[in-house]
Amino acid sequence: MPSNTAAAPTPPRSRLSLYLDLIRWNRPAGWLLLLWPTLSALWIAAGGFPGWHLLVVFTLGTILMRSAGCCVNDVADRRFDRHVKRTAQRPVTSGAVSVREALAVGAALALAAFALVLTTNAATIAWSVPALAVTLAYPYAKRFVSMPQAVLGVAFSMGIPMAFTAVGRDVPWLAFWLVLGNLFWVLAYDTEYAMVDRDDDLKIGMKTSAITLGRWDVPAVMAFYLLLLAIWGVVLAPLGLGVAWYLGLGVALAQVGWHWTLIRGRTREGCFAAFRANHWVGFALFAGVVLGFAFR
């Protein structure tokens with residue numbers, strides 16, 4: 001017998017709930033991808049534990065800036081996101097959060113991150129300016145650059161030189177090599193991410209590395225991963241981090257092999273699973289650095 005009871009209306013979401021969704025608070029993989037190379041650089045620059053002050057500044061600053069970047073990205077992509085299955089219900093795209101609100105939240109988060117940087121030194125403060133600029137530029141690169149993941153790679157690597165300046169006030173060549181390796185890592189995992197949305201992006205005219213690389217996408221992702229591991233392995237070898245570092249490198253390499261099994265079929269599910277698991281590659285390298293200095 002059919003029921004005459006009407007379904008209860010969905011209660012409106014609180015502003016806090018919408019803002020947390022806006023900054024992807026329930027999906028920490030994004031800020032972890034930023035955090036592990038930044039903390040690795042901090043340990044390398046300090047020759048071991050960098051002290052609680054810098055650890056707190058760079059951890060909170062990473063979370064805040066990634067969250068601010070999400071706000072800017074969602075405003076910039078709001079007209080594109082409605083045509084992509086995975087992003088159609090984002091707060092700005094759906095209209096639940098206005099453009100002005102999203103920008104205000106992003107500005108507040110960026111200011112909080114800058115306040116943390118102000119507790120370091122002049123060199124680190126100076127580096128924070130281009131870091132903010134490339135963060136703001138990335139969402140628009142997807143309209144003009146055939147490999148916008150490279151721009152994201154620069155944005156997601158800015159914490160590395162800032163870590164070195166926070167410890168020693170200058171940026172040695174070692175830091176730039178670490179940036180290069182990290183850039184290849186971002187190309188790897190963000191190409192996996194782009195492979196998830198390739199069909200939708202082709203329809204709306206968005207430029208991504210997955211589209212640019214075409215049938216060479218999987219080999220390219222594997223090459224990017226191997227370049228990360230090769231560069232970091234070579235440039236950190238003179239530091240004498242011992243077995244712990246090479247164990248971390250080996251664990252990261254094993255994960256790269258697992259990622260190949262996930263993305264070789266180019267399914268949405270497999271590529272998205274590979275992207276979401278990527279922070280464990282970064283953690284393996286970070287753990288190797290930390291333990292290497294601890295037992296050196």
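The following legends describe close-up views of a predicted model.

**View 1. The largest nonpolar core and Phe58.** The largest nonpolar core of the predicted model comprises 87 residues, and Phe58 and Ile263 have the most contacts inside it. Helix α13 (residues 217-236) supplies the largest share of this core, namely 12 residues. When residues up to four places away in sequence are not counted, Phe58 touches Leu35, Thr38, Leu39 and Leu42, together with Gly159, Met162, Ala163 and Ala166.

**View 2. Tryptophan 31 in helix α2.** Trp31 belongs to helix α2 and is buried, its relative accessible area being 18%. This value falls under the 20% limit for a buried residue. Apart from neighbours within four places in sequence, Trp31 is in contact with Thr62, Ile63 and Arg66.

**View 3. Two arginines with positive phi.** Arg24 is not a glycine, yet its phi is positive, at about 60°. Arg24 occupies the loop between α1 (15-22) and α2 (29-46), and with a relative accessible area of 7% this arginine is buried. Arg266 likewise has a positive phi, near 60°, in a residue other than glycine. The loop that holds Arg266 runs between α14 (242-263) and α15 (268-276). Arg266 counts as partly exposed, at 36% relative accessibility.

**View 4. Packing of α1 with α6.** Two packed helices are described by the angle between their axes and the distance between the axes. For α1 and helix α6 (residues 99-117), the packing angle is about 70° and the axes are 11 Å apart. The two helices, α1 and α6, are therefore roughly perpendicular to each other. On the α1 side the contact is made by Arg15, Tyr19 and Leu22, and on the α6 side by Glu101, Ala102 and Val105.

**View 5. Packing of α13 with α16.** Helix α16 (residues 279-294) packs with α13 at an angle of about 10°, and their axes lie 13 Å apart. That angle makes α13 roughly parallel to α16. From α13, the residues Leu228, Leu229, Trp232 and Leu236 meet Val281, Leu285 and Val289 of α16.

**View 6. The buried side of α15.** Gly270, Cys271, Ala274 and Phe275 are the buried residues of α15. Because these residues cover an arc of only 135° around the axis, they lie on the same side of α15. The buried residues of this helix pack against α2, α10 and α14.

View 7. A search of the whole structure finds 13 aromatic pairs. One of them is the edge-to-face pair of Trp43 and Phe49, with 5.8 Å centre to centre and 65° between the planes. Within this pair, Trp43 is buried, with a relative accessible area of 9%, whereas Phe49 is partly exposed, with a relative accessible area of 43%. A further aromatic pair, formed by Tyr193 and Phe272, is stacked, with 6.3 Å centre to centre and 20° between the planes. Tyr193 lies in helix α10 (residues 173-196) and Phe272 in helix α15, so this pair ties together parts that are 79 residues apart in sequence. Tyr193 counts as partly exposed at 21% relative accessibility, and Phe272 counts as partly exposed at 27%. Ring pairs also link Trp36, Trp43, Phe49, Trp52, Trp280, Phe283 and Phe286 into a cluster.

**View 8. Leucine 132 in helix α7.** Leu132 is placed in helix α7 (residues 122-144). Its relative accessible area is 36%, and Leu132 is thus partly exposed. Leu132 and Gly69 are 63 residues apart in sequence, and their C-alpha atoms are 9.1 Å apart in space.

Methods
Residues are numbered from 1 along each chain as its sequence is written. This is a predicted model: local features need pLDDT of at least 70, side-chain atom pairs count only at pLDDT 80 or more; totals for chains, interfaces and linings use all residues. Side-chain values use heavy atoms; hydrogens and water are left out. A nonpolar core is a set of buried Ala, Val, Leu, Ile, Met, Phe, Trp, Tyr and Cys residues joined through side-chain atoms within 4.5 Å. Buried means under 20% relative accessible area, exposed over 50%, partly exposed in between (1.4 Å probe, protein chains only). Helices (H or I, at least four residues) and strands (E, at least two) are DSSP runs, numbered from the N terminus. Contact means heavy atoms within 4.5 Å. Rings of Phe, Tyr and Trp (its six-membered ring) pair if their centres lie within 6.5 Å; planes under 30 degrees apart count as stacked, over 60 as edge-to-face and the rest as tilted. The arc is that of the directions from the helix axis to the C-beta atoms. Axes are lines fitted to C-alpha atoms, for helices over the stretch in contact, and angles run from 0 to 180 degrees between N-to-C directions. Angles under 35 degrees count as roughly parallel, over 145 as roughly antiparallel, 65 to 115 as roughly perpendicular and the rest as oblique.
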